[in-house]
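Subject: Handing over the structure, with notes

Dear colleague,

I am passing this structure on to you, and I would be grateful if you could read the notes below with it open beside you.

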Amino acid sequence: MNVGIGLPIGDPTTLLTWARRADAGPFSTLGLLDRLVYDNPEPLVALAVLAGATSRIRVQTEVLLAPLRDTALLAKQAATVDRMTGGRLVLGLGIGGREDDHRAAGTDLRTRGRRLDEQMAVMRRLWSGEPYGDGVGPIGPAPARPTGPEVLFGGFRPAALERVGRWGDGFLAAAAPSWADGLFETVRTYWRRYGRDGEPRLVAQVNVALGPQHVIDEARAALHAYYAFTGMADRMVAGLLTTPTGIRDTITAFAGLGADEVMLYCYGLDPAQVDRLADAL
């Protein structure tokens, strides 16, 4: 079972310390959330910096809100990071649910799912080296692999799960094992329906805080603020894992469901959590 670290978004200046510690430890991936109208670092920019400061660990958006971005530019940015990191980029994508993000980007909240499907068709074509179309040539650079960086889709609705089978390489589940089980099975069903070879890559995300009480309190406050718009912030805070036993048990549960990786997402800013989490494993 691979285990990654989801990075806190509260202070971008600490992320190099987090990344270097994780790269030296047992962790497989660094993940970073995305919002536009929020006090967080832009994930592709931040992860490019972190990739340059590390040597082996993957960098993953979870999830990048693709409909907020220009499609051709996003394809070029992702291909650039993927090529320059030797294929270490994992592009987790989603549609986003905040109206203010879409208003700031000048995009339509109501058509964001349809837009993501259209974006994927264009990006897959560009990553394979084909022309953009309508008299416009190819857009480089070529990514590290011919089909582009690995793409995971996040979400809970049927359209998001079907998107994995149609366009993706795997699924990112921000859900407890009891809920993720059904999501995984639905993703596998769509995967087979689209005649895909092998199995989808299944990645779980859980929220954690490990350390003194002030670290846990800080994480709870940050988690509540981030999810306040959903109306489920209290439930998200209640699900925060704060003990080594709870974290290990959850990883074991996801392994039993066939997950390939678990991302331990941190909201507290103390980078010593990387070492505590490594010890907990």
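This is a predicted model: local features need pLDDT of at least 70, side-chain atom pairs count only at pLDDT 80 or more; totals for chains, interfaces and linings use all residues.

Residues are numbered from 1 along each chain as its sequence is written, and side-chain values use heavy atoms, with hydrogens and water left out.

From the record, an unreviewed UniProt entry, comes the feature "domain: Luciferase-like", listed for residues 11-231; such positions are given in the numbering used here, feature names are shortened, and annotations may be inferred rather than shown by experiment. In the model, that span is 44% helix and 16% strand, and its end C-alpha atoms lie 25 Å apart. Helices (H or I, at least four residues) and strands (E, at least two) are DSSP runs, numbered from the N terminus.

Helix α5, residues 112-127, packs with helix α6, residues 158-167, at an angle of about 15°, and their axes are 12 Å apart. Axes here are lines fitted to C-alpha atoms, for helices over the stretch in contact, and angles run from 0 to 180 degrees between N-to-C directions. The two helices, α5 and α6, are therefore roughly parallel to each other, given that angles under 35 degrees count as roughly parallel, over 145 as roughly antiparallel, 65 to 115 as roughly perpendicular and the rest as oblique. The crossing of α5 past α6 is right-handed, a term used if the near helix is turned clockwise from the far one by less than a right angle, and left-handed if anticlockwise. On the α5 side the contact (heavy atoms within 4.5 Å) is made by Gly113, Leu116, Asp117, Met120, Ala121 and Arg124, and on the α6 side by Arg163, Arg166 and Trp167. By class, this contact of α5 with α6 has four nonpolar, one polar and four charged residues, where Ala, Val, Leu, Ile, Met, Phe, Trp, Tyr, Cys and Pro count as nonpolar, Asp, Glu, Lys and Arg as charged, and the others, Gly among them, as polar.

Within α6, the residues Ala160, Leu161, Arg163, Val164, Gly165 and Trp167 are buried; buried means under 20% relative accessible area, exposed over 50%, and partly exposed in between, with a 1.4 Å probe and protein chains only. What covers these buried residues of α6 includes α5, β5 (150-154), β6 (170-173) and α7 (177-193).

Helix α5 also meets helix α3, residues 71-84, where the axes come within 9 Å and cross at roughly 50°. The helices α3 and α5 are therefore oblique to each other, and their crossing is right-handed. Thr71, Ala72, Leu74, Ala75, Ala78 and Ala79 of α3 make this contact with Arg115, Gln119, Val122, Met123, Leu126 and Trp127 of α5, and the residues involved divide into nine nonpolar, two polar and one charged.

A further pair is formed by helix α1, residues 15-24, and helix α11, residues 273-280, which pack at an angle of about 25° with their axes 9 Å apart. They are therefore roughly parallel to each other, and α1 and α11 cross in a right-handed way. The contact involves Trp18, Arg21 and Ala22 of α1 together with Gln273, Val274 and Asp275 of α11.

Turning to the backbone, most residues other than glycine have a negative phi, and most peptide bonds are trans. A cis peptide bond, with omega about -10°, joins Glu62 and Val63, and Val63 belongs to strand β3, residues 58-65. Another cis peptide bond joins Gly140 and Pro141, with omega about 5°, and Pro141 lies in the loop between α5 and β5. Asp134 is placed in the loop between α5 and β5; its phi is near 55°, a positive value in a residue other than glycine, and Asp134 is exposed, with a relative accessible area of 83%.

Finally, Arg110 sits in the loop between α4 (99-105) and α5 and counts as exposed at 75% relative accessibility. Arg110 and Glu99 are 11 residues apart in sequence and, C-alpha to C-alpha, 9.4 Å apart in space.

With kind regards
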